[in-house]
Amino acid sequence: MSITCRIKRDLPDFSLEISFSTEKKRIGILGASGSGKSMTLKSIAGIETPDEGQITVDGQVLFDKEKKINEKPQRRNVGYVFQNYALFPHMSVEQNIAAGLRGTKEQKARRVREQLSRFRLEGFEARFPEELSGGQQQRVALARIMAYEPQMILLDEPFAALDAFLRDRLLQELMETLGDYDGTVIFVSHNRDELYRFSEELLIIDEGKQIRFGDTRELFLHPKEMETARLTGCKNIAPAKRLDEHHVAVPDWDLTLLLKKEVPPDLHYIGIRAHMFEPVWESAQPENAVAFHLSDVAEYPFEYKYYSHSPDICWYVQKSSYQQIEERGLPNFLRLPEEEILLLR
């Protein structure tokens with residue numbers, strides 16, 4: 001299955017511009033709240049109407065502004081799962097799954113039985129949404145959508161209101177449930193960990209503008225743009241200036257980097273993820289290292305987060321690696337391994 005989405009939407013205080021094409025089955029959309037993630041999803045579903053562009057799925061044109069094509073949502077064969085699952089509270093599980101199905105009474109009953117079995121909901125037929133756990137509600141919402149046999153499923157922040165433990169468990173359950181689904185799934189979230197785990201390709205949006213689209217793991221490893229690095233979780237980013245092919249000045253960190261790899265001409269920032277620093281206890285400042293001046297420390301269940309001033313950087317240390325600090329004290333410098341330095345536009 002393939003999907004192409006090239007759209008523009010202009011509102012009084014917001015503008016959305018997206019352009020991507022893919023044949024992958026699991027797509028993620030990452031961005032902060034208000035960045036345009038849900039508007040992109042609603043445009044694909046037909047809930048929102050773009051001002052310009054085209055949306056096609058497997059060659060079927062869902063929207064084309066120039067050709068005046070704009071298929072109604074019910075004709076797009078797209079299933080949309082909202083954040084709260086949008087179950088009918090006054091209907092039982094069985095009734096929720098059957099809602100809106102067409103066909104004879106026997107045909108609808110057969111489709112409901114198939115989905116009850118597929119989503120492990122046997123025995124819950126007569127229960128109402130308030131009597132179900134979060135995972136069960138999720139399965140009912142998916143069962144209702146899958147009863148229509150959609151060629152695409154859109155998930156709009158399905159775990160946003162849940163705590164971390166439940167979110168992780170339901171994501172695993174979702175991945176298992178959709179394991180045999182052959183259509184495309186587009187998953188919108190502001191949680192980078194969810195999308196890293198779920199998606200094959202990732203669309204990154206910032207303030208309505210598409211920053212990057214590509215292989216999920218590649219975007220995390222080599223973000224290339226400052227916004228991509230920030231949205232994928234890089235905590236240490238600073239303005240930088242290319243001095244020549246192998247030297248970079250980082251004024252905010254009082255540092256000049258010497259690199260073996262060639263520095264790109266369009267460099268504007270450098271970054272390093274907080275857990276990639278290497279501690280150095282030498283008295284003299286080594287090459288490619290920043291001074292470390294502790295300003296604060298935060299203890300978490302499995303790591304310590306150290307914050308330095310002048311320069312302002314943060315350094316994460318796993319508790320399993322903490323013994324060296326206990327024995328030697330805090331380092332004087334933190335070295336930036338070249339292979340971990342992010343050269344950013």
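In this predicted model, the buried residues of helix 1 are K37, M39, T40, L41, S43, I44 and A45. Helix 1 is largely enclosed by the rest of the structure, because 7 of its 9 residues are buried.

**Helix 1 and S43**

- S43 belongs to helix 1, which covers residues 37-45.
- With a relative accessible area of 2%, S43 is buried, since a residue counts as buried when this value is under 20%.
- A polar atom of the S43 side chain lies 2.8 Å from the backbone oxygen of M39; M39 is itself among the buried residues of helix 1.
- Apart from neighbours within four places in sequence, the residues in contact with S43 are I7, E48, P50, I55 and R76.
- After helix 1 comes G46, which has a positive phi, near 95°.

- K209 and E17 form a salt bridge in which the closest N and O atoms are 3.8 Å apart. This pair links distant parts of the chain, with K209 in strand 11 (residues 209-215) and E17 in strand 2 (residues 14-22), 192 residues apart.
- K209 is partly exposed, at a relative accessible area of 37%, and E17 is also partly exposed, at 37%.
- R335 and E278 meet through their side chains in a salt bridge, with an N to O distance of 2.5 Å. Because R335 lies in strand 22 (residues 333-335) and E278 in strand 17 (residues 278-280), the pair ties together parts that are 57 residues apart in sequence.
- R335 has a relative accessible area of 28% and is partly exposed; E278, with 31%, is likewise partly exposed.

- An α-helix has 3.6 residues a turn, so residues three or four places apart point the same way.
- E114 is partly exposed, with a relative accessible area of 33%, whereas R111 is buried, with a value of 13%.

Methods
Residues numbered from 1 in each chain as written. Predicted model: local features only at pLDDT ≥ 70, side-chain atom pairs only at ≥ 80, totals over all residues. Heavy atoms only, no water. Helix = DSSP H or I, 4+ residues; strand = E, 2+ residues; numbered from the N terminus. Buried < 20%, exposed > 50% of the residue type's maximum accessible area, 1.4 Å probe, protein only. Polar contact = N/O pair within 3.5 Å; in protein donor to acceptor, adjacent residues only side chain to side chain. Contact = heavy atoms within 4.5 Å. Salt bridge = Lys/Arg side-chain N within 4 Å of Asp/Glu carboxyl O.
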